[in-house]
Amino acid sequence: MEPAYRVLHNGPKVTPIAIEDFITRPNWVNTQRAPWVARRFRLTRAELAERKASARYENVDAIMGSPTKEFTDREVEENERQGIRTTPASDFPETEFFDLYSFHAFWDVNGDGVYEDVKGVIELETGTLLRTEINNLGLRLIGRVPYQAIPGLLYGVGICHMTEGLQDEGEMLHNQRLDNLKWSMLNMFKARRGSGINPKETVEPGKIWFVDQPEDFQALMFPDLGQSSYQAEMLVNEYADRITGANDAMSGIADDTLKSGGGAQAQMIMAQQASTIL
């Protein structure tokens, strides 16, 4: 039987890095020229054994007794949602994780005064280097893609930060509109004293009420602010769209509010504009 070969992937792969897993100095804006950058990632015991067997990592045995003992709030929340114990499962070594750091650092390897870009993998608790090599590519495969950059700082401003106040305002208007809808649907009634209508009177379809005057029994109507509050909420959303640049026109979508049409060429122009912003 002859072996068969198949190409599963032939091209670049973009992997987002959580902000808490990327370690460097906030004032080192250029990740390509920063003295050092590092990324935290985790491997299981089985993955470490596989990389040891394939000679990708060395000194693996030195870290086998140092599994991860701390978890992020996000990991704890997700584990609790699934009913998984978040403490290290020492009774089951196969389920343990190991915190590792892949890094790039400029270092004078040869002592000739020229700093080379060294990349490798290290386990910090024991200080064990699992892999080191010179980055002969001349480029660190780490990119910085902020939504809106801040001059002189590594971290930019994202949509959540830009619209934090508007999000609170929009949420308040939305909740108040729901409260108004509830009160407008659950009407109360008023009756004149001595009319014979008591507070425990039952209300049912087709029931006949005997009153002396039409004003003896009336419903207390709450003002329906649904339309005006909806318009206010949409106005807040429009403000957020303008701040972030993610409105309908910039997304290549015709504006439903202004009923702006446009042919295929106009939609293509709007789509191209969206790609430059987003």
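Hi everyone, thanks for coming. One thing before we start: what you see above is a predicted model.

Let's begin with the pocket. How big is the largest pocket? Its volume comes to about 1100 Å³. Altogether 35 residues line this pocket, and the ones nearest its centre are Ile 17, Arg 39, Leu 141, Ile 142 and Gly 143.

Which of the elements supplies the largest share? That is β2, with 4 residues of the lining.

Now let's see how some of these strands sit together. β3 pairs with β2 in the antiparallel sense, over 9 bridges. If you want to find that pairing on the screen, look for Trp 36, which stands opposite Ala 105 of β3. β3 also pairs with β4, again in the antiparallel sense, this time over 7 bridges.

The model has 1 aromatic pair. It is formed by Trp 28 and Trp 36: the ring centres are 5.5 Å apart and the planes meet at 85°, which makes the pair edge-to-face, because an angle over 60 degrees counts that way. Are the two partners buried or partly exposed? Trp 28 has 19% relative accessibility and therefore counts as buried, the limit being under 20%. Trp 36, at 30%, counts as partly exposed.

My last stop is Glu 96. You'll find this residue in the loop between α2 (73–81) and β3. With a relative accessibility of 10%, Glu 96 counts as buried. What does its side chain contact? The side chain of Arg 45, through a polar contact of 2.6 Å.

To recap, we have a largest pocket lined by 35 residues, a strand β3 that pairs with β2 and with β4, an edge-to-face pair of Trp 28 and Trp 36, and a polar contact between Glu 96 and Arg 45.

Methods: Residues numbered from 1 in each chain as written. Predicted model: local features only at pLDDT ≥ 70, side-chain atom pairs only at ≥ 80, totals over all residues. Heavy atoms only, no water. 1 Å grid on protein atoms, 1.4 Å probe; cavity = no way out; pocket = protein on both sides within 12 Å on 5 of 7 lines; lining within 4 Å. Points joined across faces, edges and corners; volume = space filled by probe spheres on them. Helix = DSSP H or I, 4+ residues; strand = E, 2+ residues; numbered from the N terminus. Pairing = 2+ DSSP bridges. Phe/Tyr/Trp six-rings, centres within 6.5 Å; stacked < 30°, edge-to-face > 60°. Buried < 20%, exposed > 50% of the residue type's maximum accessible area, 1.4 Å probe, protein only. Polar contact = N/O pair within 3.5 Å; in protein donor to acceptor, adjacent residues only side chain to side chain.
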